Amino acid sequence: MRRILVAGNWKMNKTPAETEGFIEAFLPTIAGLGRVEIAIFPPFTSLDRAGRLLEGTTIRLGGQDLHFETSGAYTGAISASMLVACGCRYVLVGHSERRRLFGDDDRIVRLKLEAALSSGLFPILCVGEGTEERRRGDSEGVVTDQLSSALDALDPERIVIAYEPIWAIGTGQTATPQIAEGMASAIRGWVSSRFGGEAGGRVRSLYGGSVNPDNAGAIMGEPDIDGVLVGGASLDPAKFASIVRSGVSVGGRDV
Ligand code: PEP
């Protein structure tokens, strides 16, 4: 069974106090919605407080990034074991903002995936093409190249893959459900051809890029899409809860 995952990437937003306010407002709105897995990704400075507040709830916690080294002279960096110690289960790896603004290239993405897996975290690997690549008709090639360099021999079933076209992130220009499904199916096909049909059927594949309460249901209704990675709309507890409810009607996929 591939369970639907609704994940909220808060990026550089919310202090610890604001994180607490969000969790207090959000928890009652999703009480009893057990069929969907929910994860939030606050900034590092809020993780410890969020981890304590979420203890005993069904909501998972994730880090937005990690360093691939385990410790040492890496000013400003956070290791996988530090995320685990705050209660994280997930970590985002290869988000397009990390690739574009912080120089995370394919080698670094691969090292981060390895570091996450060896600490017991479940990485969410973000892949996606830019506007120009889509215009040239290269979308699938870009995504499969990113998958090839990141996954290679890594166990794809421990990794969630999020298709996040760069042109859709934070722009309000969501991919149509058909475009999102087409790429989710291509990703599943790539995993099947590289790791076997069983792995292809079991790997979870998310869509991210301007997801909101109005479009989430149609996107999660597509057969190869197992949830959404939400940026802006995840900052508002009511909007995020509404997206979660859209996922509840889908529930999960029998594979
Ligand atoms: C993201 O940053 O992962 C994202 C999908 O952002 P938004 O929903 O704001 O487009």
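These legends accompany several close-up views of one predicted model. Because the model is predicted, local features need pLDDT of at least 70 and side-chain atom pairs count only at pLDDT 80 or more, while totals for chains, interfaces and linings use all residues. Residues are numbered from 1 along each chain as its sequence is written, and side-chain values use heavy atoms, with hydrogens and water left out.

**View 1. The residues around the ligand.** The ligand is surrounded by 14 residues, the closest being Lys11, Glu164, Gly170, Ser210 and Gly231, where a residue is near if one of its heavy atoms lies within 4 Å.

View 2. In polar contacts (pairs of N or O atoms within 3.5 Å), a ligand oxygen atom lies 2.6 Å from a backbone N or O atom of Gly170, and an oxygen atom of the ligand is 2.8 Å from a side-chain N or O atom of His95. A polar backbone atom of Gly231 is 2.8 Å from an oxygen atom of the ligand. The protein buries 95% of the 290 Å² that the ligand exposes when taken alone, as computed by the Shrake-Rupley method with a 1.4 Å probe.

**View 3. The barrel of strands.** Eight strands, in the order E2-E3-E4-E5-E6-E7-E8-E9, close into a barrel with parallel pairing; strands are DSSP runs of E with at least two residues, numbered from the N terminus, and two of them pair if DSSP finds at least two bridges between them.

**View 4. Strands E8 and E9.** Strand E8 (residues 205-208) pairs in the parallel sense with strand E9 (residues 227-230) over two bridges, and Gly208 has Leu229 in E9 as its bridge partner.

Terms used: Polar contact = N/O pair within 3.5 Å; in protein donor to acceptor, adjacent residues only side chain to side chain. Helix = DSSP H or I, 4+ residues; strand = E, 2+ residues; numbered from the N terminus.
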